[in-house]
Amino acid sequence: MLLNEFVEKVIVHEADKSTGKRIQKVDIHLNFIGNFELPHTEAPQEPLPTVLSKGRKPRRLMTDEEREAMRDYDRQRYSKKIAARLAKEEAERAKILVGTSFEKLSIKQISNDTQIAV
């Protein structure tokens, strides 16, 4: 790359985590210029939203009871999602068995029964 021709060396310093954020200093030395320092510009921080989409409240602003209710709701949704995925997989397996001698057996019976010889 052409950029490599301009870079003399790159020095990566040890990371500092004393402030709670990981900060790491990098020195870039260019040919004929020396150490090149980027101008330091700090991006303005936007305030965190107090209302999410669909009028929901962020969990950081909820009371303990509301937070626990949301956790229960999330658990129920996740359980339904997993149950639907398993039902879909079982239906796909049953579709494979159509027209075979194993068609009348359920997938669970086949996997649990070790006496069946193919």
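Methionine 70 is partly exposed, with a relative accessible area of 22%. The model is predicted. Histidine 29, by contrast, is buried, at a relative accessible area of 17%.

**Methionine 70**

- Helix α2, residues 64-97, holds methionine 70.
- Methionine 70 counts as partly exposed because its 22% falls between the limits of 20% for buried and 50% for exposed.
- Leaving aside residues up to four places away in sequence, methionine 70 touches Arg59 and Met62.
- Arginine 59 sits 11 residues from methionine 70 along the chain, and their C-alpha atoms are 8.5 Å apart.

**Strand pairing**

- Strand β1 covers residues 7-12 and pairs with β2 in the antiparallel sense.
- Five bridges join β1 and β2.
- Opposite valine 26 of β2 stands valine 12.
- β2 also pairs with β3, again in the antiparallel sense, over three bridges.
- Phenylalanine 36 in β3 has isoleucine 28 opposite.
- β2 and β3 form a hairpin with three residues between the strands.
- Phenylalanine 32, in that hairpin, takes a positive phi near 70°.

**Histidine 29**

- Strand β2 contains histidine 29.
- Histidine 29 is classed as buried because its relative accessible area of 17% is under the 20% limit.
- A polar atom of the histidine 29 side chain lies 3.5 Å from the backbone nitrogen of asparagine 35.
- Asparagine 35 is also on the contact list of histidine 29, together with Val7, Glu8, Lys9, Ile11 and Gly34. That list does not count residues up to four places away in sequence.

**The largest pocket**

- The largest pocket holds about 360 Å³ of space.
- Its lining consists of Ile23, Gln24, Lys25, Val26, Asp27, Ile28, Asn35, Phe36, Glu37, Leu38 and His40.
- The elements giving two or more residues to this lining are β2 (26-30) and β3 (34-36).
- β2 supplies the largest share of the lining, three residues.
- By class, five lining residues are nonpolar, three are polar and three are charged.

**Where the topics meet**

- Isoleucine 28 and phenylalanine 36 stand opposite each other, and both line the largest pocket.
- Val26 is another lining residue, and valine 12 stands opposite this β2 residue.
- Asparagine 35 lines the largest pocket and touches histidine 29.

Methods. Residues numbered from 1 in each chain as written. Predicted model: local features only at pLDDT ≥ 70, side-chain atom pairs only at ≥ 80, totals over all residues. Heavy atoms only, no water. 1 Å grid on protein atoms, 1.4 Å probe; cavity = no way out; pocket = protein on both sides within 12 Å on 5 of 7 lines; lining within 4 Å. Points joined across faces, edges and corners; volume = space filled by probe spheres on them. Helix = DSSP H or I, 4+ residues; strand = E, 2+ residues; numbered from the N terminus. Nonpolar A, V, L, I, M, F, W, Y, C, P; charged D, E, K, R; others polar. Pairing = 2+ DSSP bridges. Buried < 20%, exposed > 50% of the residue type's maximum accessible area, 1.4 Å probe, protein only. Polar contact = N/O pair within 3.5 Å; in protein donor to acceptor, adjacent residues only side chain to side chain. Contact = heavy atoms within 4.5 Å.
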